Amino acid sequence: MLGYFPIKSINDSLGVKKYIDLMQTVSGVHFSLFSLLSALIYARIVQPCSKRKAAGEVFPKLFEKCDFSLGQIYDGLEFTGCEYEKIIEIYNHQIRKFFNYDASCTYFDCTNFFFEIDREDGLRKKGPSKENRHDPIVGMGLLLDADQIPVGMKIYPGNESEKPVIRNIIQGLKQRNGISERTVQVADKGLNCAEIRRRVHLFKICEATAGNRKNMGAFRK
């Protein structure tokens, strides 16, 4: 399985490892978190599957030695889940040294994921699922640049309606990534509420009458 080598070359050249290693010093994790994350990325590229199957069937076929146990994978994912925003910032910072994001226009969309668990916890809560299931879910907001390259993401409890939190999530992601240009909200029927339609209508009026974007700054934030 050598199909991941181009991605591996890019990942190695970004110089992210030293920053992930520094983060790991306070985690209590006693294996290379960067190596684990890299192996999970490569496994996802060559054969998307569950983490259990990746550990047992895909890792042994990778070019590098990947002898992580399933328990280590779960431990690494737990740490990554708690620190995902910092890890994304590290990658974005290093990526900008080699590649430029096109932030002239950004796109934002939401989705949710269900978990086959019996009890809710602080994050996984029962809410409106896109699969119409009754399992606990988490919501995820994703911000993309003009070329549809991911710039940032935000995870939020599944019992929070997407409608009132969208504006705060967009503002937070844009501030965190230094983006001030307009953002296009991708909305399906569930998100296409009266408030969002009103804002879209106001945007069209401003764009038609102002002739420039200076008067729409407050609306776009």
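**Fold, sheet, cores and spaces**

Modeller: The secondary structure of the chain comes to 9 helices and 5 strands. The model is a predicted one.

Colleague: In what order do the elements of the chain run from the N terminus on?

Modeller: The chain holds 9 helices and 5 strands. Read from the N terminus, the order is α-α-α-α-α-α-β-β-β-β-α-β-α-α.

Colleague: What percentage of the contacts between residues at least 6 apart in sequence join residues at least 24 apart?

Modeller: A contact here means heavy atoms within 4.5 Å. Among the contacts in the chain between residues at least 6 apart, the share that joins residues at least 24 apart is 57%.

Colleague: How many bridges join strand 3 to strand 4?

Modeller: Strand 3 pairs with strand 2 (residues 125-126) in the antiparallel sense over 2 bridges, where Lys-126 has Pro-136 as its partner. Strand 3 and strand 4 also run antiparallel, and Leu-144 is partnered by Pro-150 in strand 4. The number of bridges between strand 3 and strand 4 is 7.

Colleague: Which residue of strand 4 does Val-138 stand opposite?

Modeller: Val-138 belongs to strand 3, where Phe-113 stands opposite it. In strand 4, Val-138 stands opposite Pro-157.

Colleague: Which residue in the hairpin of strand 3 and strand 4 takes a positive phi?

Modeller: This hairpin has 5 residues between the strands. The positive phi is near 65°, and the residue that takes it is Gln-148.

Colleague: How many of the 9 residues of strand 3 are buried?

Modeller: Buried means under 20% relative accessible area. For the chain of 221 residues, buried residues make up 36%. Strand 3 is mostly covered, and its buried residues number 8.

Colleague: Which residues touch the most other members of the largest nonpolar core?

Modeller: In soluble globular proteins, nonpolar side chains tend to be buried together. The largest nonpolar core in this model has 23 residues. Helix 2 (17-24), helix 3, helix 6, strand 1, strand 4 and helix 7 (162-176) each give two or more residues to this core. The members that touch the most others are Val-16, Ile-20, Ile-87, Tyr-91 and Phe-108.

Colleague: How many residues are in the other core, the one that includes Phe-59?

Modeller: This core lies apart from the largest one. Its members include Val-29, Phe-31, Leu-40 and Phe-59. The number of residues is 17.

Colleague: Which residues lie nearest the centre of the largest pocket?

Modeller: About 1,800 Å³ of space lies in this pocket, and 47 residues line it. The elements giving two or more residues to that lining include helix 1 (5-13), helix 4 (51-58), helix 5 (70-82) and strand 1 (106-114). By class, the lining has 32 nonpolar, 8 polar and 7 charged residues. Nearest the centre lie Leu-77, Thr-80, Tyr-84, Ile-88 and Met-153.

Colleague: Which element gives the most residues to the lining of the largest cavity?

Modeller: The count is 1 cavity of 30 Å³ or more, and about 50 Å³ of space lies in the largest cavity. Its lining is Glu-85, Ile-88, Glu-89, Gly-152, Met-153, Leu-173, Arg-176 and Asn-177. Helix 6, strand 4 and helix 7 each give two or more of these residues. The element that gives the most, with 3 residues, is helix 6.

Colleague: How many charged residues are in the lining of the largest cavity?

Modeller: The lining includes Glu-85, Glu-89 and Arg-176, and Glu and Arg count as charged. By class, the lining has 3 nonpolar and 2 polar residues, and the charged residues number 3.

Notes: Residues are numbered from 1 along each chain as its sequence is written. This is a predicted model: local features need pLDDT of at least 70, side-chain atom pairs count only at pLDDT 80 or more; totals for chains, interfaces and linings use all residues. Side-chain values use heavy atoms; hydrogens and water are left out. On a 1 Å grid over the protein atoms alone, a cavity is a set of points where a 1.4 Å probe fits but cannot get out, and a pocket is an open set with protein on both sides within 12 Å along at least five of seven lines; lining residues have an atom within 4 Å of a point. Grid points are joined across faces, edges and corners, and a volume is the space filled by probe spheres set on the points. Helices (H or I, at least four residues) and strands (E, at least two) are DSSP runs, numbered from the N terminus. Buried means under 20% relative accessible area, exposed over 50%, partly exposed in between (1.4 Å probe, protein chains only). Two strands pair if DSSP finds at least two bridges between them. A nonpolar core is a set of buried Ala, Val, Leu, Ile, Met, Phe, Trp, Tyr and Cys residues joined through side-chain atoms within 4.5 Å.
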